[in-house]
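Subject: Structure for you to look at

Hello,

Here is the structure you will be working with. Please open it first, and then read the notes below it.

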Amino acid sequence: MTVSRFSTLVLIGVLTSGCSVLDRFGTNTSGDVLASEKLTVAAGDDDLKEAIESSPDGEPAGRASRTRLDDAIEPSLKKTAEDARKKLDTPEQQVTEEPAATPDLWHRLRGGFALDHDASDPRVQAQLNWYRKHPQYINRVVERGSRYLHYIVTETEKRGLPTELALLPVVESAFDPFAYSHGRAAGLWQFIPSTGKYFGLTQSWWHDDRRDVIAATDAALTYLDRLATRFDGDYMLALAAYNSGGGTVSSAMRRNRNRSAPTDFWSLDLPRETRHYVPKLIALAKIFDQPEKYGIELPALADEPYFEIVDTGSQLDLAQAAELADVDIDEIYLLNPSFNRWATSPEGPHRLLVPREKAETFSTALKGIAPVDRVAWHNYKVQSGDTISTIARQYSTTSSVIQQVNKLDSHIIRIGQRLMIPSAAKQSDTYALSASERLARKQQSSGKNTDGTRVDYTVRSGDTFWDIAREHRVSVRQVASWNGMAPGDPLIPGKQLVIWSKSKQPKMLASNDRAKGMVRKVGYQVRKGDSLSVIANRFAVNVRDIASWNDLNTSRYLQPGQSLVLYVDIRNSP
C-alpha cells in the first residue's frame, strides 16, 4: 500500500472508466502504482504487542484495541467505542481451546503455503523468539481474526496465491478492522487514500471501503498479485513492495546489480520498517505451520464461513439491522467496519455481512420491511435564516445528502419548503462502534494519560496542526492522535478538536484570535553537517514536528540535498 504518482492520463482513465475494478487496472496504468517509492506507515501490531508485554498475566484487558481511529467516523456517535472494540478479543463462537477432531482452517492454510520458510536470517529468529516468549499474542490475533480468516483464506486460494498472504493483516493491523495509522492507512490491509482510490476503494461521508472486509481484501490480493508479476513471481519482493513501494524495491535491486550483489529480498538495502516487515510474516508462517515446534498451541478454528453476505437492496439503519438479525450491534459493525454513520450508504453497495447462522433470520425479516421504512426520516419545514448546511449540521448529516434525497439541483431553499432528512432511529450510544462514537470515546479517554487541561477547540481558517500544537505546548502527533487523525490530514474550518493543553492559560488560547500570517511554509534543502536537531534549533521548531511534516524516521541520517518542508514562525526564526 503506497502513495501512487499518477499521471494526468492515469487519473482520467481511472476516474472515468465504467468497467469493473479489475478491468480498470490495465498494464499501462498499473505500472505507475506498482513503481511507487512511498513507504506506507501502517498501524501494525505494536499496540497489541505492547499491551501483552505490559500485562503480568498476558491479558491486556482491552488495551490492545486502542489503536488510532479514523477521523471520518462521526464524532457524536463514539462514547462507548473502545469498550465495544474489546469484542474483537472475545469472539462468541468458532474459536475453541481444544484441537478440533476434524481438519480445521489451519490445515487448509498450511496446504497453500508456498513461501520459503527456511530462512535463517537473524531478523526472522528475533521475531520467532518473541512469539515463543509471548504465546498469548498468537491466541489474541487468532481471536481477532476469527471473523475474517476463512473468507481471506478462501479468496487467496481462488487466486492461486500463497496462503501465507492471509496472515498479512496480522502484520498490517493485528486484525483490527478499525486500525488507522498516522500515515493515514486504514483497515485490515492498511490502504492509504490514494492507493485505495486507485484500486476502487471509495470514501464518502457514509463509508470508507478501505475498511470494508470484502472490497479491501479484493484490492489487497489484486495488488499483491500484480506486484508478484512485476517481480517475476518472487513473493518476498512483492511483500516488500507492498510495504515500501515497487519503485523502492526496484531501486535497491538495481544498486545491487551494479555491484554484482544478489538481488533477493535478504540481500537488499531497504527501509528499516520493510527489512523487518517480511521477516515478521515469515516468522508467523513458521509458527502456524509447526506450532508445536515453538511450544505454541493454536486455538482450533473451524473450516467454515463466519459470515454470509446478504443483499439488502437499499439503505438500512444498522441498529435496525442488528435487531432483524438478532445480534448485538457491535457484531454488525465488526463485520461491516466500513460504515462511518448509523446506516449503510444510500448509494450502495447494498449488502451487509451477518453471522452465518443468523443470515436466514435476517433475510426473512428484512423482506417484511419496505425500503422507505428501513431508515428514520424527519419531515423538516424550512425556517427563516435556514440554509442547507445549517440544517445538515442540526441533523448530523451533510448538505449533499439532503440535496440528493430531496432532488435539489442547488443549495437554494425557500421558507416553508418541506425537506426529508434521514436520521438515526436510536440514541447515539446505540451505535457504539460507529466512527463518531469511537472518536468521542478516544477523545475523552486520551486525557487520562496526560496532565493537561481539556480544551474543546474549533478549527479556524488558516489553522495548522503545528500552530495548534505549539500554542498548547503539545506535539503535532498528540493533537492528531487525540482526534483520530494523521498529521497530514486536512483541518477543515469549523471542525471540533479536543486538546489536552499544557499551556498555563489554555482556555484563553482556545477563544482568543492569535496573530495571523506569522507562520510560513518553508522548503529547506539539507546541507552537509545538518541533523534534525541542528535544523530544529535553527528554525525554533521541534525535531518531532520536522519528522512528522516529512514522514521521517528519526533514527536514519539526513542526506545532503534532501528536501524538507518546515512550518516556521517568522517571529522566532532567522
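Phenylalanine 191 is buried because its relative accessibility is 0%; buried means under 20% relative accessible area, exposed over 50%, and partly exposed in between, with a 1.4 Å probe and protein chains only. The model is a predicted one, in which local features need pLDDT of at least 70 and side-chain atom pairs count only at pLDDT 80 or more, while totals for chains, interfaces and linings use all residues. Residues are numbered from 1 along each chain as its sequence is written, and side-chain values use heavy atoms, with hydrogens and water left out.

Aromatic rings

Phenylalanine 191 belongs to one aromatic cluster with Tyr198, Phe199, Tyr223 and Tyr242. Phenylalanine 199 also counts as buried, at a relative accessible area of 2%. A pair of aromatic rings is described by the distance of the centres and the angle of the planes. Rings of Phe, Tyr and Trp (its six-membered ring) pair if their centres lie within 6.5 Å; planes under 30 degrees apart count as stacked, over 60 as edge-to-face and the rest as tilted. The whole structure holds 15 aromatic pairs. In one of them, the ring centres of tryptophan 130 and tyrosine 137 are 5.3 Å apart with the planes at 85°, so this pair is edge-to-face. Tryptophan 130 is buried at 14% relative accessibility, and tyrosine 137 is buried at 0%. Phenylalanine 191 and phenylalanine 199 make a tilted pair, 6.4 Å centre to centre with 50° between the planes.

The chain and helix α16

The chain contains 26 helices and ten strands; these are DSSP runs numbered from the N terminus, with helices being H or I of at least four residues and strands E of at least two. Of its 574 residues, 55% are buried.

How much of helix α16 (residues 318-325) is buried? Seven of its eight residues are, so the helix is largely enclosed by the rest of the structure. Among the buried ones are Leu318, Gln320 and Leu324. The buried residues of α16 pack against α17 (329-335), β4 (351-355) and α18. At the N-terminal end, aspartate 317 caps α16, with a side-chain oxygen 2.8 Å from the backbone nitrogen of alanine 319. After the helix comes aspartate 326, with a positive phi near 60°.

Backbone exceptions

Most residues other than glycine have a negative phi, and most peptide bonds are trans. Arginine 184, in the loop between α10 (168-173) and α11 (193-198), has a positive phi near 70°. Arginine 184 is partly exposed, at a relative accessible area of 29%. Serine 260 has a positive phi near 55° and sits in the loop between α14 (246-258) and α15 (272-289). With a relative accessible area of 71%, serine 260 is exposed. The peptide bond from glycine 348 to proline 349 is cis, with omega near 5°. Proline 349 is in the loop between α17 and β4.

Valine 372

Is valine 372 buried or exposed? At 55% relative accessibility, valine 372 is exposed. Valine 372 lies in the loop between α18 (359-367) and β5 (376-381).

Regards

Technical notes: Contact means heavy atoms within 4.5 Å. A polar contact is a pair of N or O atoms within 3.5 Å; within protein, one must be able to donate a hydrogen and the other to accept it, and residues adjacent in sequence count only if both atoms are side-chain atoms.
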